[in-house]
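Subject: Structure for your files

Hello,

Here is the structure I said I would pass on. My notes on its pockets and cores follow below.

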Amino acid sequence: MSEPDWTSLYAEHLAKITADAQAALAACDTAGLVIHAGSHRLYHADDQEIPFRQVPHFARFAPLEGAEHLLLVPREGSPRLIRVVPQDFWHEPPAEPPAWVSEALEVEVAETPKVARERVGEHGHLEGWAYLGNDPKTAA
C-alpha cells in the first residue's frame, strides 16, 4: 500500500476549514480569528508544569508540537502561522512542522510568546478580531 499524499490531503483539509471559518467570520461581521495553541500551566504553589495539551481548535488547523503558537485566520485571505521556538537553554524547541504544513501555511518564527503576540499586531489592526484559546493574557 502506498503512502498517502499528505501535501494534497492537508491542503484540501486546510482549504475546507479555512472557508468554513471565514464564512462564520463574515456571518458575525468579525474581521478575523487568532487561534492560540495554548499556554503551559503550573500546578498550584509548585514549579512543575501540568502536562501540556494543545487547544483542539488550533490542532485542527495546524498539527504541530508545542505551546504558544498563534494562527491568524483573516476573514479574507490565507491563514498565517506564528510558531514559537524558544532560543534558550531551558526549553527544548518543538519539532519542525512537517513539510506539508510548511508548504500550505505562511509560517513565521518567534523566539518567545511575547514576540509572537507582538507579531500578531504587525499584521494589521486587530479591532474586530476574535480570540480562540485558553489564556486570557494572550487574548488581551
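A pocket here is an open set of grid points with protein on both sides within 12 Å along at least five of seven lines, and a volume is the space filled by probe spheres set on the points. Please keep in mind that this is a predicted model.

The largest pocket holds about 470 Å³ of space. It has 19 lining residues, and H40, A67, E68, P86 and H91 are nearest its centre. Its lining divides into six nonpolar, six polar and seven charged residues.

Cores

The largest nonpolar core contains 17 residues, and I35, F58, F61, L71, V73 and L105 have the most contacts inside it. At least two residues each are supplied by α1 (6-27), β1 (32-36), α2 (56-61) and β2 (70-74), with α1 giving the most, five residues. Neighbours within four places in sequence aside, F58 is in contact with I35, H36, A37, L64, H69, L70, L71 and L81.

There is also a second, separate core of eight residues, V34, L70, L72 and A116 among them.

Regards

Key
Residues are numbered from 1 along each chain as its sequence is written. This is a predicted model: local features need pLDDT of at least 70, side-chain atom pairs count only at pLDDT 80 or more; totals for chains, interfaces and linings use all residues. Side-chain values use heavy atoms; hydrogens and water are left out. On a 1 Å grid over the protein atoms alone, a cavity is a set of points where a 1.4 Å probe fits but cannot get out, and a pocket is an open set with protein on both sides within 12 Å along at least five of seven lines; lining residues have an atom within 4 Å of a point. Ala, Val, Leu, Ile, Met, Phe, Trp, Tyr, Cys and Pro count as nonpolar, Asp, Glu, Lys and Arg as charged, and the others, Gly among them, as polar. A nonpolar core is a set of buried Ala, Val, Leu, Ile, Met, Phe, Trp, Tyr and Cys residues joined through side-chain atoms within 4.5 Å. Buried means under 20% relative accessible area, exposed over 50%, partly exposed in between (1.4 Å probe, protein chains only). Helices (H or I, at least four residues) and strands (E, at least two) are DSSP runs, numbered from the N terminus. Contact means heavy atoms within 4.5 Å.
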